[in-house]
Structure formats: structure tokens, C-alpha cells
Amino acid sequence: MTKLDVLNPATNEVIKILEYTDEQTAHRQIERAHEAFQSWKQVDAHERSAKLFEWARLVDEHKNELAKLITQEGGKPYKEAQGEVDYANSYIKWYAEEAKRIYGRTIPANSSSKKIIVQKFPVGVVGAITPWNFPAAMITRKMAPALAAGCTIVCKPATQTPLTTIRLVELAHEAGIPEDAIQYVILSGKDAGEIFNESPIIQKVTFTGSTQVGKKLIEQASQSVKNVTMELGGLAPLIVHEDANVDLAVDQTIATKFRNAGQTCICANRIYVHESIEQEYIEKLTEKVHALKVGNGMDEDVVVGPLINQEGVNKVIDQIKDAEDKGGQLSRSLSDIQELGGNFLKPVVISNANQEMKAMHEETFGPIAPVMTYSDLEDAIQMANDTEFGLAAYFFTNDYHTGFHLYESLDYGVIGWNDGGPSAAHAPFGGMKQSGYGREGGIEGIEPYLETKYLSIGDM
């Protein structure tokens, strides 16, 4: 059986060796999930809720252990990893409550001799595929609503960061959730997609990752008309208008842009600043960006950790070189950016950006902040919307007319107004256009795990 080396991106050391799940074993796990579904779907919603709350209690109890795993296998600074554990657990707690709020209804019939009843039922066995950048949060916002709805779930974590998922599943079992109701498999994304989509047992596939892979999964799922939820790529614009609070805009830009070293799907990717405040914004942003401490996430005061691997580093360096070739001005030299070596890159602000640069139309996943100016707000809106992506967007203005105009005009599913951190378990997260469909979080997040049935009763 093939082995998987789990690496620490800060040191490139092997921290754990796992065995890949072979195809036969994966199918047996799916079959066991189906058997578990027959009983789990019958469990009273209040009991499912109680088990989810117990799981959440254990996650809180093991918060530091989980945070250390996130840092070791993903490179995320430890303090930030602790925040991710809290964020991940907020989904478990939210859906522990929502388990008790799966409502049906009665519909007035078109005949006095009939009654019509509508109820929601769990969709069945779920196959979940998640990325490496949020190994706790991306999996709990799939696991928790699935279990709350009465589904069973087989999770495929990213091969770069499987240890966090494994520990979360172990804690779920400790909490009393049946072992076969929540499982994990160690597979490549390609193998997991094929196994999940070819299985007649799996009724739903939920995926967070690139648009390219998402399209392939949708194509595969179409062969058996599976229920799918897709949270795909992003290219988030950030607009700073002339009446914005510049200090707030700078701080919130850093919050969204450099979280997890810029490796999130909702990081600000393209920054558009009104020409009247360009100099002030860039000077203040550069000063604070250069003050961010880069290093091993377990070290004190580190804010920016390593990129996940050398492939990620190479992509970011390519974007930086391309930007410089096309007239961009780097706030620090390329040699300074690469000074630490390994998977580390110092964050950089790129001023004088333009629409021809790769950084302005390719998802970056790295600590670079390209800044372009505008004079007319409608031009900024047009540039912001000029992409096939539509996941997240940000804008800064203190005028409510401008704010609501931006909100209504930007074609994005998640929007932050004077807010660089809009995500929350109780709010629906998801994208428009080629950033996917379906929502995770909020009351909307449990709906993809439910089927609607109605019963028409005659001869009353």
C-alpha cells in the first residue's frame, strides 16, 4: 500500500507517515456509511444535537492540540490556528442547534377532502472533499450540517493536511457519533472524486477547491445526477473609495490579504484605490506589511507562516516577476522577498498595478498585494466584476449611498463593507458565477443535505 508523507512546510520535515486508503477499502467504508445511515437518520433530532454539542465540547477541550496540528501540517501561525479551531467549532455548535430546526409545513389543499404535508429528509451518504488551507473549518462546515440533517459522511481531507481531520473524526467518535456515520479516507482528490461519483451509494458530493477540479467533479456527478455543493476559486477585489477611513482600510486589507500567508479563497487578490488617497493608502499599507513577522508558525509573534510547498512559492514568484515586468513597483526587492528561503516569502505591496498583470486576473494564494488606482467608481466596479469568479469582495466607504450601490453592483456571494473578515458560521457562505453554487453556513447550509417530500392525503 502506498505511503503518504505528511510534511511540515516550515521545515519540510516528515511529521507523520500514513497509508493511502485502497479503492476496495474505500468502497467498504462507503457501504458501512450506508448501513449506519439506516439507523442515524432515525435518531431523534435532539439526540443528534446533543452528540454534536458533546463533539464541540471535546473540540474546545483539545483546542491547543488541534491548533498545533494545523500549524505543523499547514504552516499557519499558531495563534491564527487557534482562531481556526474556534471558527471550525462554531459550525459544529451552530448545526447542533439547527438539527432541532428542520421544519416541515402543511399546505392548504385545493380540495376540502385533502391535506398536504411537507417534510425534510436527509439526502443519504455524503462524500466530502476539502482543501489544505483550512483543514479544520472546511471539514466541520460539511460534517456538522450533514450529521445534523441525519446524513452519514465520508470525508477526504487534503493529502497535505490530513492529520487535523483525522483527529476531529476521532473526537466525534469519542462524543458518541457512530464510527461508521463519520469516517475519513486518505486518497488523492482525483481518486476520491471518481470513487464518490461512481458509487451508487453516495447521494451527495460536497467540494471546496479549485474551479478546474470542481468542473470535473460536476461533470462526473452529472452521470448519476448526484446532489452537489461546490465552493470553488476566488479572485476577490478590494475597493477603497475616496471617502474611506484609510487607517481602517489598511488594517482590514492586511486582515483579509495576509491571513494564512494569503492562502485563502477569499483573500483580497486585487486592490483598487481611488487616486486621491493612493499615496496615503500605499504608504500606510507598506509600513504595516513590512512590519509583519515571517517565520515558523510555532515561533512567538509570527504573523505570516510558510507557503504550503515549493509549487506555491514558484507560482507567487512568477506573479511578482510578471508584475515587475509590466511596470509594477515592488515595496521590497525580489531578493529580500526570498531572503528566508524554503517555503517562506516576505509579504510585498505592488504599486502601479494594471489589469494586464497575472496577479490581477489569476488567483494568487500568496502574500502579495497589488494596488491599482481608479478615478471613477463605475470603472472600479466594472474591473471588479470582469472575471468568471464571484466568491468574495470587499469595499471601504463611509457613505451609505455609495456602500449600498457597491453592494448591489458587485457580483459576489460574500461581501465585506468596511470588513475584512465577513465569514461566520451563522451566515451563508458561497459564490456566484464560476465560484460555485450552494451555500455553507447559516440556515441555508443544512438545506443541501435535505430532500423535500410532500404527502397528499385524500379522502379526508
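This is a predicted model: local features need pLDDT of at least 70, side-chain atom pairs count only at pLDDT 80 or more; totals for chains, interfaces and linings use all residues.
**Group meeting talk: salt bridges, helix packing and backbone details**

I will start with a contact between two side chains, Asp86 and Lys63, which meet in a salt bridge at 2.9 Å from N to O, where a salt bridge is taken as a side-chain nitrogen of Lys or Arg within 4 Å of a carboxyl oxygen of Asp or Glu. Asp86 lies in helix α4 (residues 78–98) and Lys63 in helix α3 (residues 63–74), so this pair ties together parts that are 23 residues apart in sequence. Helices here are DSSP runs of H or I with at least four residues, strands are runs of E with at least two, and both are numbered from the N terminus.

Residues are numbered from 1 along each chain as its sequence is written, and side-chain values use heavy atoms, with hydrogens and water left out.

How exposed or buried are the partners in these bridges? For accessibility, buried means under 20% relative accessible area, exposed means over 50%, and partly exposed is in between, with a 1.4 Å probe and protein chains only. On that scale Asp86 is partly exposed at 37%, and Lys63 is also partly exposed, with a relative accessibility of 23%.

The structure holds 25 salt bridges, and I would like to set two others beside that one. Glu84 pairs with Lys76, their closest N and O atoms being 2.6 Å apart; here Glu84 is buried, with a relative accessible area of 3%, and Lys76 is buried as well, at 2%. Lys190, for its part, forms a salt bridge with Glu194 in which the closest N and O atoms are 3.0 Å apart. Both residues belong to helix α7 (residues 189–198), where they are 4 residues apart, about one turn of the helix. Lys190 counts as exposed at 60% relative accessibility, whereas Glu194, at 28%, counts as partly exposed. There is also a network of salt bridges, which links Glu65, Arg167, Glu170 and Glu174.

Helix α2 (residues 45–61) and helix α6 (residues 163–174) pack at an angle of about 130°, with their axes 8 Å apart, the axes being lines fitted to C-alpha atoms, for helices over the stretch in contact, and the angles running from 0 to 180 degrees between N-to-C directions. That makes α2 oblique to α6, given that angles under 35 degrees count as roughly parallel, over 145 as roughly antiparallel, 65 to 115 as roughly perpendicular and the rest as oblique.

Let me turn to the backbone. Most residues other than glycine have a negative phi. Asn260, however, has a positive phi, near 50°, and sits in the loop between α9 (246–257) and β11 (268–274), where Asn260 counts as buried at 3% relative accessibility. Phe365 likewise has a positive phi, near 60°; its loop runs between β13 (348–351) and β14 (368–374), and Phe365 counts as partly exposed at 22%.

I will finish with Gly416, in strand β16 (residues 414–417), which is buried with a relative accessible area of 0%. Which residues does Gly416 touch, not counting residues up to four places away in sequence? They are Ala393, Tyr394, Phe395 and Pro422, and the C-alpha atoms of Gly416 and Phe395, which are 21 residues apart along the chain, are separated by 6.5 Å.

Notes: Contact means heavy atoms within 4.5 Å.
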